[in-house]
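Visitor: Could you walk me through this one slowly? I'm still learning how to read these pictures.

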2 protein chains.
Amino acid sequence: MAQLTLKDLARKLGISASTVSRALHDHPDISKKTKQLAMDAAEKYGYQPNPMAQSLKKKRSNIIGVIVPEIRHNFFATVISGIEEVTYDAGYIIMVCQSNESLSREIANTKALTANRVAGLLMAISLETTTCDHIKNVIKHGIPLVQFDRVVEELETGKVCIDDFRAAYKATSHLIDCGYKRIGFLAGREGISLNRMRFNGYFEALKNHGATYYPELNINIGGCRGKNGRYGADEYLKMDNPPDAVLAINDPVAVGAFCRCREAGLRIPEDIAFAGFSGSPESALIEPALTTISQPAFEMGKTAASLLLKQLDSKDEAYTPKTIILETELLIRGSSWKRGTK
Amino acid sequence: MAQLTLKDLARKLGISASTVSRALHDHPDISKKTKQLAMDAAEKYGYQPNPMAQSLKKKRSNIIGVIVPEIRHNFFATVISGIEEVTYDAGYIIMVCQSNESLSREIANTKALTANRVAGLLMAISLETTTCDHIKNVIKHGIPLVQFDRVVEELETGKVCIDDFRAAYKATSHLIDCGYKRIGFLAGREGISLNRMRFNGYFEALKNHGATYYPELNINIGGCRGKNGRYGADEYLKMDNPPDAVLAINDPVAVGAFCRCREAGLRIPEDIAFAGFSGSPESALIEPALTTISQPAFEMGKTAASLLLKQLDSKDEAYTPKTIILETELLIRGSSWKRGTK
DNA sequence: AACGACACCGCAAACGTTTTCGGTAGTATT
DNA sequence: AATACTACCGAAAACGTTTGCGGTGTCGTT
């Protein structure tokens, strides 16, 4: 019933708890024989050290904290899956929190996780996160941190993301190539760098290809879920001069807008084309399939976790945080055809 | 940098740590004045109790363990979201593990979570889970447990699920009503009760409506992801007498099979109809949309978590575990039309 | 014979809490 | 004036580890 403790084990063996502890940790001061004895007994009685006691003593747990905006987002769920994969192998377990895209909630999350003395932290910030004292606070506590996907640039932490500028640039260029003239942009609040980067890529592509930027087609849809996409589409539908193509901040938004437009009787891509970000499963299922920037979500989770683990191992030495940019691919599909070819 | 401890706070106030502890816990032995003093100081200096020390002392943490087969499954991601929602409000945080549909991994997960002295455990078993000593072990450790979705019936634990038999029965009856004659069934391994229940519902519906059960159309596809669905469809496509309708164990499988069949040139639902389980987002996106049993995933997470919390609160008294059956709805959509009406 | 070197092990303190048990005032009761 | 409450607080042990330090015994060296 109650877990076996180190003392119990020591008593059974007739030696002291400290010796058993050292034996199980392969300490040089302990003889081969005693070590074998201890390990056998531990095995036999199924001894499991109490992580709380260990953490208390070592001031550091075997827990890795993860904060994502929303677990339900396929993208983040997949990232978490990747994280879990490598942290599991390394003997850590993950504590998952979601900020629900709210700053206050994110702050509460960081507090809860630092209070729980997580060994390290992996996070993607919320859409509301413009200030980042709470993140600095994590760093001040000496907790290694790796940001992924949505990062705040200024902070000196490990980072794993994609080249948002280039990806958006590529996607927009593709739309221009296809012959679309009025290209809209749908994104949430402007605060976070990811949104800015993608917008910049979109904007630069327009400029460099001599296409016009119509500010009214750049709509702040306030979030990045399907419903926000639908809202954006509604705005477009009200216009006298709606866009003929749309770059959305991610697939759910693209799909939401896509569906709304089709419900309104628009043909895709003849009347309006779409491109998104993520390469989510649903992007391949809709008809026509969605042109999208495929992001390696699982990979991102794995690399972020690996980066953190490396940081944890080399904790004592001075460690300069690395930034890793993962490759993306523009998947050209039915939702954006060359004008006139269909 | 280092977190402020109770002792630090006590020293600052010139009173003992025990008094501060009691004050912050609103213990009757402490005067109003001292309590106010302590709370103010705690507020001012941002004191946060160390959960590891608390857990060590109280032999019970503020962590709730969650084990799911796969985080990436939209269904489970949504359940987790629901869990997080209510546990967060109650001051717990969740530790998420995935079994990857593997029994050995699930066992490792339960071990890790009990080792971490989780206050309670929420789980949906893997497809491989036929033996359940590891779960019994959790119970023996006195850790309250609530199963959801995929439950093992025999165990005396809290349970939150749907009426799998009735749901499958309803869906199958619908297909029969539509005029389909050769109705197939796609599911993973037979071990777990959920699969059995759904099969039984399917089987009984066939029997009670005078429809024939063709054993060769009941294929064990070995898993419950899209690729397994595709595999099932491949098997069907090889047959001289393929089914004219298919009930799949869940939406990903249904969608996988659906897409494979369409790739093979079959028309849906004229040549072959489909029905799934979950009411996942993608079920609504494919064309024609998938007929499916909508399951309240978010709700399921919330109820499971609430049930567990209730169990945690009334821990001392004898508590008889409850089973909660959530309502489902048959969403009839384009993938299953009445024969001849189209 | 005395000395250090070495291998091995235990004592006890520490980590930050909670909680039991007392202890000290002060006040009210006989 | 002795007793009995009450109200409030502190010392110390405990939770299960880890670890610094010291201690014992054995051995080889002078």
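This is a predicted model: local features need pLDDT of at least 70, side-chain atom pairs count only at pLDDT 80 or more; totals for chains, interfaces and linings use all residues.

Visitor: Which residues in α10(B) meet α11(B)?

Guide: On the α10(B) side they are B:Gly226, B:Gly229, B:Arg230, B:Ala233, B:Asp234 and B:Leu237, while the residues they meet in α11(B) include B:Pro252, B:Val253, B:Gly256 and B:Arg260. Sorted by class, the residues of this contact of α10(B) with α11(B) come out as seven nonpolar, three polar and four charged.

Visitor: What about α2(B) and α3(B), at what angle do they pack?

Guide: Those two pack at an angle of about 90°, and their axes are 9 Å apart, which makes α2(B) roughly perpendicular to α3(B). The α2(B) side of the contact consists of B:Thr19, B:Val20, B:Ala23 and B:Leu24, and the α3(B) side consists of B:Thr34, B:Lys35, B:Ala38, B:Met39 and B:Ala42. In terms of class, the contact of α2(B) with α3(B) has six nonpolar, two polar and one charged residues.

Visitor: Now over to chain A: are α6(A) and α7(A) roughly parallel or roughly perpendicular?

Guide: Helix α6 (residues 103-115) and helix α7 (residues 133-140) of chain A have axes 9 Å apart and pack at an angle of about 10°, so α6(A) is roughly parallel to α7(A). From α6(A) the contact takes A:Leu103, A:Glu106, A:Ile107, A:Thr110 and A:Thr114, and from α7(A) it takes A:His134, A:Ile135 and A:Val138.

Visitor: Changing topic, how much space lies in the second largest pocket?

Guide: The second largest pocket holds about 1300 Å³ of space. It is lined by 37 residues, and the closest to its centre are A:Arg117, B:Leu4, B:Gln48, B:Pro49 and B:Asn50.

Visitor: Which elements give two or more residues to that lining?

Guide: They are α4 (51-58) of chain A, together with α1 (6-13), α2 (17-24), α3 (32-45) and α4 (51-58) of chain B. Taken by class, the lining of the second largest pocket has 16 nonpolar, 13 polar and eight charged residues.

Visitor: Last topic, the backbone: where is there a cis peptide bond in chain A?

Guide: In chain A, the peptide bond from A:Ile268 to A:Pro269 is cis, with omega near 5°, and A:Pro269 sits in the loop between α11 (251-263) and β9 (273-278) of that chain.

Visitor: And which residues does a cis peptide bond join in chain B?

Guide: There a cis peptide bond joins B:Ile268 and B:Pro269, with omega about 5°, and B:Pro269 lies in the loop between α11 and β9 (273-278) of chain B.

Visitor: What is phi of A:Asn100 near?

Guide: Phi of A:Asn100 is near 55°, which is a positive value in a residue other than glycine. You will find A:Asn100 in the loop between β2 (93-98) and α6 of chain A.

How values were computed
Residues are numbered from 1 along each chain as its sequence is written. Chains are lettered from A and ligands numbered from 1 in the order in which they are written. Side-chain values use heavy atoms; hydrogens and water are left out. Contact means heavy atoms within 4.5 Å. Helices (H or I, at least four residues) and strands (E, at least two) are DSSP runs, numbered from the N terminus. Ala, Val, Leu, Ile, Met, Phe, Trp, Tyr, Cys and Pro count as nonpolar, Asp, Glu, Lys and Arg as charged, and the others, Gly among them, as polar. On a 1 Å grid over the protein atoms alone, a cavity is a set of points where a 1.4 Å probe fits but cannot get out, and a pocket is an open set with protein on both sides within 12 Å along at least five of seven lines; lining residues have an atom within 4 Å of a point. Grid points are joined across faces, edges and corners, and a volume is the space filled by probe spheres set on the points. Axes are lines fitted to C-alpha atoms, for helices over the stretch in contact, and angles run from 0 to 180 degrees between N-to-C directions. Angles under 35 degrees count as roughly parallel, over 145 as roughly antiparallel, 65 to 115 as roughly perpendicular and the rest as oblique.
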